[in-house]
Amino acid sequence: SSENTYLQPSPIFARTLSGQLRNAAAVRDASGAVTEDPVAEQLEAWLVRHGRRGLPVEPGVVVPTSPGVLARRGVQRILHAAVACPLAGSGGFDVPDLGVRRAVRECFALARLERRADPRVSSIAFPLLGAGGGGLTPQASIGLLWPTIRDELAQDPGWQVHLCAWTPAEAVPVLQALLADAG
């Protein structure tokens, strides 16, 4: 999941990947009220443990959280990539190229650790990091993601990689990048 460098997830009701994952992972009671918010709770705990509460982390830092109720769908971990750097006073973000590339490498490193504990771990899904609220176009995001994913797969080809987009139109640049790389 794309996150900002303060590792503050979007609100549970937001139509962002961060908000939607937080919503999907939440534990609810019979009335639908959220009783546990594992994404927000675990990101906050990580910030406290690492002395970063209220402070930004370096772009590209990746923090794992449990999947909450997404575990019922086979999700074993949510990896939160701090790629969006808030721009003071503008409400916008900067997404440094090196931060996205670092995040991809860190996601693979964390996934390899998961695979050591559970050899069935064989896939990893990447959204278009930095697109949407981060301000990158789908083309710019896949342009940063794909070369690093390709390098990781060259070193460790045992992974299934899923590239995720919100809409079919956003998926077009992903397909074009993959076809151009294959051709």
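Author: Buried means under 20% relative accessible area, exposed means over 50%, and partly exposed lies in between. The model discussed here is predicted.

Reader: Why is Gly92 called partly exposed?

Author: Gly92 has a relative accessible area of 23%. Buried would need a value under 20%, and exposed one over 50%.

Reader: Where is Gly92, and what is in contact with Gly92?

Author: Gly92 sits in the loop between S5 and strand S6 (93-94). Neighbours within four places in sequence are set aside for the contacts. Gly92 then has contacts with Cys85, Pro86 and Leu87. Gly68 is another matter: 24 residues separate Gly92 and Gly68 in sequence, and their C-alpha atoms are 30 Å apart.

Reader: What makes Ser18 buried?

Author: Its relative accessibility is 5%. The cut-off for buried is under 20%. Ser18 therefore counts as buried.

Reader: Which element holds Ser18, and what does Ser18 touch?

Author: Ser18 belongs to helix H1 (residues 17-25). Not counting residues up to four places away in sequence, Ser18 touches Ser1, Ser2, Glu3, Pro9 and Ser10. With Ser10 there is a polar approach: a polar atom of the Ser18 side chain lies 2.9 Å from the backbone nitrogen of Ser10.

Reader: How do you know that the span of H2 agrees with a helix?

Author: Helix H2 (residues 38-49) has twelve residues.

Reader: Which residues of H2 are buried, and what do they pack against?

Author: Pro38, Val39, Ala40, Leu43, Trp46 and Leu47 are buried. The buried residues of H2 pack against strand S1 (2-4), H1, strand S3 (34-36), strand S4 (62-65) and strand S5 (78-86). Just after H2 comes Gly51, with a positive phi of about 65°.

Reader: How do you know that the radius of gyration of the protein chain agrees with a compact globule?

Author: A compact globule of 183 residues would have a radius of gyration near 16 Å. The protein chain has 16 Å, so the two agree. Along its principal axes, the C-alpha trace spans about 50 × 45 × 35 Å.

Reader: What share of the protein chain is buried, and what is its accessible surface?

Author: Buried residues are 38% of the 183. The accessible surface is about 9700 Å², and carbon and sulfur atoms account for 56% of that surface.

Reader: Which elements make up the protein chain, and how do they run?

Author: There are five helices and eight strands. From the N terminus on, the elements run β-α-β-β-α-β-β-β-α-β-α-β-α. For contacts between residues at least 6 apart in sequence, 56% join residues at least 24 apart.

Note on methods: Residues numbered from 1 in each chain as written. Predicted model: local features only at pLDDT ≥ 70, side-chain atom pairs only at ≥ 80, totals over all residues. Heavy atoms only, no water. Helix = DSSP H or I, 4+ residues; strand = E, 2+ residues; numbered from the N terminus. Buried < 20%, exposed > 50% of the residue type's maximum accessible area, 1.4 Å probe, protein only. Polar contact = N/O pair within 3.5 Å; in protein donor to acceptor, adjacent residues only side chain to side chain. Contact = heavy atoms within 4.5 Å. Expected span 1.5 Å × (residues − 1). Rg over C-alpha atoms; globule rule 2.2 N^0.38 Å. Areas by Shrake-Rupley, 256 points an atom, 1.4 Å probe, with all protein chains shown as cover.
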